[in-house]
Amino acid sequence: MLEWLMLAFWLALVVYAFWFLFKAKTEHPIGLNDLALTWKIHKQNTGCKAKRIQSLITLNNETVGFRCECGYEFIQKRLISQKAPDYSVKKLTNY
Ligand SMILES: [Zn+2]
C-alpha cells in the first residue's frame, strides 16, 4: 500500500515538473494601460507613425497583445514562476 502511495507521489511530482518546464510559459493577460505604454514604446523605438492600434489580440477572452497598423505584433508572454513580465515580440513585419 505504501509503495503505491510513493509511486503515485513520484508520478505526480514528475508530471508537475514536466508541466512546470514546458507548459508554464503561457500568454498572459495585459492591462490596457500596459498595452498603451507598450505601443508607445514600440512607436518610439521604431519611429512608427501609426495613429492607432489596428486590433487587439485576445486569448480566452483576455487581451494578451495588439497588432499595430504598421504590422507590428505584440503578445505578452511570461513564465508563471516569474514575477516581472517578460515582454517578447512574436513577429515583426515591416511593410
Ligand atoms: Zn507600429
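The protein chain has two helices and five strands; helices are DSSP runs of H or I with at least four residues, strands are DSSP runs of E with at least two, and both are numbered from the N terminus. This is a predicted model, in which local features need pLDDT of at least 70 and side-chain atom pairs count only at pLDDT 80 or more, while totals for chains, interfaces and linings use all residues. Residues are numbered from 1 along each chain as its sequence is written.

**The chain as a whole**

- Starting at the N terminus, the elements run α-β-α-β-β-β-β.
- Of the 95 residues in the protein chain, 6% count as buried; a residue is buried if 20 or more other C-beta atoms lie within 10 Å of its own, exposed if 12 or fewer, and partly exposed in between, with C-beta atoms placed from the backbone.
- If you take the contacts between residues at least 6 apart in sequence, 42% of them join residues at least 24 apart; a contact here is a pair of residues whose C-beta atoms, placed from the backbone, lie within 7 Å.

**Helix 2**

- Helix 2 covers residues 32–46, and its 15 residues should span 21 Å at 1.5 Å a residue, which agrees with the 21 Å between its end C-alpha atoms; the expected span is 1.5 Å times one less than the number of residues.
- The number of buried residues in helix 2 is zero, so this helix lies largely in the open.

**Strands 2 and 3**

- Strand 2 (residues 53–59) pairs with strand 3 in the antiparallel sense over six bridges; strands pair if DSSP finds at least two bridges between them.
- Across this pairing, S55 stands opposite R67 in strand 3.
- The two strands form a hairpin with two residues between them, and N60 in the turn has a positive phi of about 55°.
- Look for N61 in the loop between strand 2 and strand 3; N61 is exposed because it has 6 other C-beta atoms within 10 Å.
- N61 and P29 are 32 residues apart in sequence, with their C-alpha atoms 9.3 Å apart in space.

**A closer look at G65**

- G65 sits in strand 3, which runs over residues 62–68.
- G65 counts as buried because it has 25 C-beta neighbours inside 10 Å.
- Leaving out residues up to four places away in sequence, G65 touches I30, I57, E73, F74, I75 and Q76.
- From C-alpha to C-alpha, G65 and T38 are 9.4 Å apart in space, and they are 27 residues apart in sequence.

Methods:
Two residues are in contact if their C-beta atoms, placed from the backbone, lie within 7 Å.
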